[in-house]
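Colleague: Hi! Could you walk me through this protein while I have it open on my screen?

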Amino acid sequence: MTQDLSYFVHATAVVDEGVEIGEGSKIWHFCHLMRGCRIGRNCNLGQNVVVSPGVVLGDNVKVQNNVSIYTGVVCEDDVFLGPSCVFTNVVNPRSAIVRKDQYKPTRVKKGATIGANATIVCGHVIGKYAMIGAGAVVTHDVPDYALMIGNPARQTGWVSEYGHTLHFNAEGFATCPESGRRYRLTPHGLTLIEPTE
C-alpha cells in the first residue's frame, strides 16, 4: 500500500487493500487493518490493534493497545476504546461451525468510553457518552450517559460528557464539575440542558 501523507501508518502495521483511512489518523506498531474497514479522521490506533472487514470507526476515535474490533462493530465519533477491551460478534461461537452469516451488530455511540479489559457481548448498543468501567461485561443495551460496572455490567450512576459522575439535587438536576454544563434526570433518562444565551 502506498503511504498517504495525510495520515500515518507505522512500518510494522499491515493495511490491506480497500481500507479507508481519514486525514490525520495514526496507525501504530503491529496493527492490522483488514479489507473494507473504514477509519475516520484524527483517529489513533495503538499497538497491536486489529480492525476486521466492515468495521467503521468515526472521527477522533482512540483505540488503545491490544484491541480487536470485529466485523459488525460501528464506533461513532469521539469513542474511546481502552486497553485490551473485547468485542464479540457471534453469541454462540463454535470452532467447527461457520456462523459468519449470524454476526450480530454492535454500535458504540458518540463519545462513549469502553474501559480497559471490558467485554462487549455482541448485538447491543452502547449509548452516547456512556462509561463502561474497566473489566465490565456488557450483556444488554446501555443508556446514554450511563455508568456501568461489574459482571454482568449494571448501571451504578450517570456521567457527564466530560466523564464525571453526576450528583443530583432533589429536583433531579446535576452540574458537571469540569464543564459547568447542567443535566436533568427524568424517567426517560438523562438530558443535557443546553445553555441559554
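Modeller: Happy to, and we can go through strands, cysteines, salt bridges and aromatic rings in turn. Keep in mind that this is a predicted model.

Colleague: Good to know. Which strands form the open sheet, and in what order?

Modeller: There are six of them, in the order β3-β6-β9-β12-β15-β18, and their pairing is parallel. At the edges sit β3 (20-21) and β18 (125-126), each of which pairs on one side only.

Colleague: And how many bridges hold β15 and β18 together?

Modeller: Two bridges, with β15 covering residues 106-108 and the pair running in the parallel sense. If you want to find the spot, look for Arg107, which stands opposite Val125 in β18.

Colleague: Found it. Now, β21 and β22: parallel or antiparallel?

Modeller: Antiparallel, with four bridges joining β21 (residues 146-149) to β22 (residues 154-158). Ala146, for example, has Trp158 in β22 as its bridge partner.

Colleague: What do β21 and β22 form, and how many residues lie between them?

Modeller: They form a hairpin with four residues between the strands. Within that turn, Gly150 has a positive phi of about 95 degrees.

Colleague: Switching topic: how many disulfides are there?

Modeller: The count is zero. Take Cys85: the nearest cysteine sulfur belongs to Cys75 and is 8.2 Å away. A disulfide needs the two sulfur atoms within 2.5 Å, so Cys85 is in no disulfide.

Colleague: Is Cys85 buried or exposed?

Modeller: Cys85 is buried, at a relative accessible area of 1%. Cys176 is buried too, with 1% relative accessibility.

Colleague: OK, on to charges. How many salt bridges does the structure hold?

Modeller: Four. One of them is between Asp59 and Arg41, whose closest N and O atoms are 2.7 Å apart.

Colleague: Where do Asp59 and Arg41 lie?

Modeller: Asp59 is in the loop between β9 (56-57) and β10 (62-63), while Arg41 is in the loop between β6 (38-39) and β7 (44-45). The pair therefore ties together parts that are 18 residues apart in sequence. Asp59 is partly exposed at 21% relative accessibility, and Arg41 is partly exposed as well, with 48%.

Colleague: Nice. Which residue does Asp78 form a salt bridge with?

Modeller: Lys110, and here the closest N and O atoms are 2.7 Å apart. Asp78 belongs to the loop between β12 (73-75) and β13 (80-81), and Lys110 to the loop between β15 and β16 (113-114), so this contact connects parts 32 residues apart in sequence. Asp78 counts as partly exposed at 30% relative accessibility, and Lys110 counts as partly exposed at 31%.

Colleague: And what does Glu161 meet in a salt bridge?

Modeller: The side chain of Arg181, at 2.9 Å from N to O. Glu161 lies in the loop between β22 and β23 (173-175) and Arg181 in the loop between β23 and β24 (182-186), so parts 20 residues apart in sequence are tied together. Glu161 is partly exposed, at 23% relative accessibility, and so is Arg181, with a relative accessible area of 26%.

Colleague: Last topic, the aromatics. How many aromatic pairs are there?

Modeller: A search of the whole structure finds three. Among them is Phe8 with Trp28, a tilted pair with 4.9 Å from centre to centre and 50 degrees between the planes.

Colleague: Where are Phe8 and Trp28 along the chain?

Modeller: Phe8 is in strand β1 (residues 8-9), and Trp28 is in the loop between β4 (26-27) and β5 (32-33), so the pair ties together parts 20 residues apart in sequence. Phe8 is partly exposed at 32% relative accessibility, and Trp28 is partly exposed at 28%.
Tyr129 and Tyr145 also form an aromatic pair, which is stacked, at 5.7 Å centre to centre and 15 degrees between the planes. This pair links distant parts of the chain: Tyr129 is in the loop between β18 and β19 (131-132), and Tyr145 in the loop between β20 (137-138) and β21, 16 residues apart.

Colleague: Are Tyr129 and Tyr145 buried or exposed?

Modeller: Both Tyr129 and Tyr145 are buried.

Colleague: Which residues form the aromatic cluster?

Modeller: Tyr129, Tyr145 and Tyr183 make up one aromatic cluster.

Notes
Residues numbered from 1 in each chain as written. Predicted model: local features only at pLDDT ≥ 70, side-chain atom pairs only at ≥ 80, totals over all residues. Heavy atoms only, no water. Pairing = 2+ DSSP bridges. Buried < 20%, exposed > 50% of the residue type's maximum accessible area, 1.4 Å probe, protein only. Phe/Tyr/Trp six-rings, centres within 6.5 Å; stacked < 30°, edge-to-face > 60°.
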